[in-house]
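I open these notes to record what I looked up, in the order in which I looked.

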Amino acid sequence: MTDRPPTRFSRPGHGWQQVGQQLMSAASTVAGRAPRAPLPVGAPDEVLAQVAAELGPQDLPAAGIGEQAALNRMAQIVHEYGLNLTHELCAAHLQPPPLSVAVAADALASATNASLDTYDSGPATLAIEEWTVQALARLAGLPATSGGVFGPGGSYSNLLAMLIARDQAGAKRGIDIRHDGVVALGDPVVLCSRVAHFSVQRACAALGLGESAVVTVDCDDEHRMVPSALSAVLDSLEEAGRTPIAVVATAGTTDFGTVDPLPLIADIAYERGLWLHVDAAYGFGALFSDRFAGLLSGIDRADSITLDLHKVGWQPAAASLLLLADTESFSSLDRSVAYLNPEDDLEAGFGGQLGLTLQTTRRPDVLKVATTLMAYGRNGLGEMLESCHELALHAQSRVASEPQFELVSEATLTTVVFRYLCDELDIDQVNAEVRRRLISSGTALIGRTQVRIAADGEPRTCLKLTLLNPETTADDIERLFDEIVRVALEVESEGLAPAALNVGVAHD
C-alpha cells in the first residue's frame, strides 16, 4: 500500500499531528510577548477599530495568505486584543479559564467533525456522551431511567426543559402540543424566583407561552425562593383559573451563587403535580465537592436539571447538559427522517440522538468533558471549586475590613457582591465608573449588577467578583482590592464627567 499524498484535511494520525504543529507555530508567534492583561487597554470603540484594521478591508480576498500565516495572524489578534481568562485579576463572569486538557480534547472533537444525530455520523462519540451523561446523572442521584443531552449553553438547556415541561403538561390533559399547539393549554404559567436567570422568560417567549407566562416568587434575604410564597402564588393562580405547568428552582443564582431550598420546593411541586426543573448551570459543580454537595440536597427529585461545565467545570464553551429523570420524557422531540434515521435503521441499532434535541448536526462537545472527568475525577474538580471558594471568602473578608466597602451578598460558592461607598457623589455612578476604568486601563476585569439593598428600595449598582481561577492567590485578591480603592479614590477626586452622569437616565 503506497503512502497517501499530503492533505489539507484533518486526517487521523498525520493530519492530527499537523494540527498540533500548526498550533505550536501559532503559539510561538506570541510566546515572547509580555503577559497579557485581562482585557486590552483602551475604550471599546478604539479596541474594536484596531482589530478591524488588523483584519483589513471587509472584502473576501481573491487569494489567501496561506494556512500558517492566517493562523499566526489570528493568534496575534486574539492575544493582543482578546480576553485573558487566565489572568489573576480576571473575575467578572461565570467564564473560567479552560483546562489545557479540555482545550486539547476540544481540538480533537473539531478534528473528527463528528455529529451526534445518527450512528454513522460519529459512533464513538455517541458512546462517550452516554457514558458522560450517566456518570453525571448518578452524581446528581437521578434514577436508572435518567438520560440527557449536551447543548450549546444553559439558556438552550433551559429552553429544552421548558419545551418538555410544556409538552408533558399537555399530555397529562390529553393534548398533543406538538401537533395542536399551545392554545389548548389555556393560560399556562411557569414559576421561578425573582432572581432566576432571564433565560426562563426567553424560553417561554420562544415556546409561544409569552414572557407574561412567567410568574416570579419572592426571595428571602439570602436571595432564595420562599416556599410559602410559592404555595401562596400557586393558590392564587388556581383561583384565577390559570394553568401552572412547571416550577423552576435555581441552584446557583448568577449574581449570588445561592441555592433555592430544593427539598421544600420539590415537595410542593410533587403535591401539585408540577414539573420541577432545577437550573443548576452554576451550582451543579458543588456536587464535585464533599464540602458543598449538601447545598444541592433535593436535586435528585428534579424532573430536569440544567448544568454548565463551562462554568464550574473549567471547560471551553460550550459544555451544557440537560438531564432528565426519565428519558421517556424526550418523546415529544422524537423524529424519524428518511435520509437520517429511518425506522428499519433504528430497529437495527443505527440510531443516534436526533430525538433528544432541537439540533440536527450536533458537535461532540462531550469529548472535552469526558476527558476532563477521566483526567481529574470528582476529587480533582472538587478541590478546584474549594480553592475558588477560599478566594471568595478572602475577598469577603477584605470587603468587611474596609469602611469604604459594603458587603451586599456573602459567598455561597465563588461569588461576592459589594459596593464602594462615598458621600459626595452618586454611589451607583461611582461604582459603574470604577468598573469601566479598571477594564479600559487593562488592569482588572470585575463584574457589576443591580441589587435591592433594602427590601423596599430601588435596585442599586454593585460590583461583583466571580472567582473561577483556582490558581489565583490571596495576594492577587489583595492587589485587586488595592486597585479598586485606588481607582475609586481617583474617581472621587475628579468627580463624574457629564457622560457618566447620564448613564441610566431615560430620555423622551
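**Entry 1: the model.** I note at the outset that this is a predicted model.

**Entry 2: salt bridges.** I looked up how many salt bridges the structure holds, and the count is 30. I then examined individual pairs. Asp290 is paired with Arg378, and their closest N and O atoms are 2.9 Å apart. This pair links distant parts of the chain, 88 residues apart: Asp290 is in the loop between strand E6 (275-279) and strand E7 (304-308), and Arg378 is in helix H12 (residues 366-401). I checked the accessibility of both partners. Asp290 counts as exposed at 63%, while Arg378 counts as partly exposed at 31%.

**Entry 3: a second pair on helix H12.** I found Arg398 in a salt bridge with Glu478, with the closest N and O atoms 2.5 Å apart. Arg398 belongs to helix H12 and Glu478 to helix H14 (residues 474-494), so that distant parts of the chain, 80 residues apart, are linked. Is Arg398 buried or exposed? Arg398 is buried because its relative accessibility is 10%, and the cut-off for buried is under 20%. Glu478 is partly exposed, at 27%.

**Entry 4: helices H13 and H14.** I next looked up Arg437 and Glu490, which form a salt bridge with closest N and O atoms 3.1 Å apart. Arg437 lies in helix H13 (residues 427-440) and Glu490 in helix H14, so the pair ties together parts 53 residues apart in sequence. Arg437 is partly exposed at 21%, and Glu490 is partly exposed at 29%. I also found that salt bridges with shared partners join Glu433, Arg436, Arg437, Glu483, Arg486, Glu490 and Glu494 into one network.

Entry 5: I located Gly170 in helix H6 (residues 154-172). Gly170 is buried, with a relative accessibility of 0%. Beyond four places in sequence, Gly170 touches Ile175, Ile177 and Leu185. I recorded 10.0 Å between the C-alpha atoms of Gly170 and Asp180, which are ten residues apart along the chain. Thr250 is in strand E5 (residues 243-250) and is buried at 3%. Its contacts, leaving aside neighbours within four places, are Ala196, Thr258, Val259, Asp260 and Asp279.

**Entry 6: a negative patch.** I asked which residues form the negative surface patch. They are Asp120, Asp334, Glu343, Asp344, Asp345 and Glu347. I placed Asp120 in the loop between helix H4 (100-112) and helix H5 (123-140). Asp120 is exposed, with a relative accessible area of 62%.

Conventions. Residues are numbered from 1 along each chain as its sequence is written. This is a predicted model: local features need pLDDT of at least 70, side-chain atom pairs count only at pLDDT 80 or more; totals for chains, interfaces and linings use all residues. Side-chain values use heavy atoms; hydrogens and water are left out. Patches are made of residues with over 30% relative accessible area and no salt bridge: like charges are joined within 9 Å, nonpolar side chains (Val, Leu, Ile, Met, Phe, Trp, Tyr) within 5 Å. Accessible areas come from the Shrake-Rupley method with a 1.4 Å probe; for residues, only the protein chains shown count as cover. A salt bridge is a side-chain nitrogen of Lys or Arg within 4 Å of a carboxyl oxygen of Asp or Glu. Lys and Arg count as positive and Asp and Glu as negative; His and the chain ends are not counted. The place of a charge is taken as NZ of Lys, CZ of Arg, CG of Asp or CD of Glu. Helices (H or I, at least four residues) and strands (E, at least two) are DSSP runs, numbered from the N terminus. Buried means under 20% relative accessible area, exposed over 50%, partly exposed in between (1.4 Å probe, protein chains only). Contact means heavy atoms within 4.5 Å.
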